[in-house]
Amino acid sequence: MNSIEPVPGFIIAPQQQVSVPVRGTSDRFPVHRIYCVGRNYAAHAVEMGHDPDKEPPFFFQKSPSNLVTDGRDFSYPPATEDVHHEIELVVALVSGGSNIPVAEALDHVFGYGVGLDMTRRDIQAELKRMSRPWDAAKAFEQSAPCSEIVPASQIGHPERGAIWLKINGEIRQEGDLDQLIWKTAEVIAHLSGLFELRAGDLIMTGTPSGVGSVHRGDKLHGHVEGVGDLTCTVV
Ligand code: MN
């Protein structure tokens, strides 16, 4: 038996910690989990064929290893002909817990970023039709491009402000954080009733209307007013 053990105590080399840059420091934000909120802007719920009335939020996850950071490219994934962009405000937690009250939720926020919830829309449509889980549509390689995290100590907790996405300079998605159905604090409170939140968790808070396809060569530029920018090229 030909067995090589490069790191003592491990059968294979342990995974490297995934992390995101932080504005104003060379220290990075280590990522534990990535939670995503579905249908959190009424206009997007309508464009996807759903009722915009306020119903309890629902969540799915991406893997931390799906992150694309530090301005890297997004590689067009296999098994799809319809990858969609979803520009989102990202929340980064500095602490966590279970059953966090809304009034205390923002105390757990380290900062905010700009993210893309890239989605294999054709696969998602099939999964919805079959009442199957969304993982194959949402948690594929490089499905989570993310900007640097900006500490709340620098920018506060944004409740309003433009959120938009341009492709090759042309506006495709446009909304305002004040259109979020479930606000950041409410999202944290709901999530913490389902999962034990931890320092290092990221939350993608949902996308405004205007989602659509990306193609190789596209230059994506996302912006959240008061937070920052994310640029990413589809290759
Ligand atoms: Mn989304």
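Trainee: Why does Glu-88 count as buried?
Mentor: Buried means under 20% relative accessible area, exposed over 50%, partly exposed in between (1.4 Å probe, protein chains only). Glu-88 has 1% relative accessibility, so Glu-88 counts as buried.

Mentor: A word on the source: this is a predicted model, in which local features need pLDDT of at least 70 and side-chain atom pairs count only at pLDDT 80 or more, while totals for chains, interfaces and linings use all residues. Residues are numbered from 1 along each chain as its sequence is written, and side-chain values use heavy atoms, with hydrogens and water left out.

Trainee: What makes Asp-117 buried?
Mentor: Its relative accessible area is 0%, so Asp-117 is buried.

Trainee: Which residues coordinate the manganese ion?
Mentor: Glu-86 (OE), Glu-88 (OE) and Asp-117 (OD), at 2.0 to 2.1 Å. Donors are N, O and S atoms within 2.8 Å of the metal (3.2 Å for Na, K and Ca); water is not among the atoms, so sites may look incomplete. Along the chain, the donors follow the spacing E-x1-E-x28-D. Glu-88 sits in strand 7 (residues 87-93) and Asp-117 in the loop between strand 8 (109-116) and strand 9 (119-120), so the pair ties together parts that are 29 residues apart in sequence. Strands (E, at least two residues) and helices (H or I, at least four) are DSSP runs, numbered from the N terminus.

Trainee: Why is His-223 called buried?
Mentor: His-223 has 18% relative accessibility, so His-223 counts as buried. His-223 belongs to strand 16 (residues 219-224).

Trainee: What does His-223 contact, leaving aside its neighbours within four places in sequence?
Mentor: Contact means heavy atoms within 4.5 Å. The partners of His-223 include Ile-87, Val-114, Trp-164 and Asp-229.

Trainee: What is the strand order in the open sheet of four strands?
Mentor: The order is 13-12-16-17, with antiparallel pairing. Two strands pair if DSSP finds at least two bridges between them. Six bridges join strand 12 (residues 162-167) to strand 13. In one of them, Ile-167 partners Glu-170 of strand 13.

Trainee: Why do strands 13 and 17 stand at the edges?
Mentor: Strand 13 (170-176) and strand 17 (228-233) each have a single partner strand, so one side of each is left without a neighbour in the sheet.

Trainee: How do you know that the radius of gyration agrees with a compact globule?
Mentor: The radius is taken over C-alpha atoms, and the globule rule is 2.2 Å times the number of residues to the power 0.38. For 235 residues a compact globule would be near 18 Å, and the protein has 18 Å, so the two agree.
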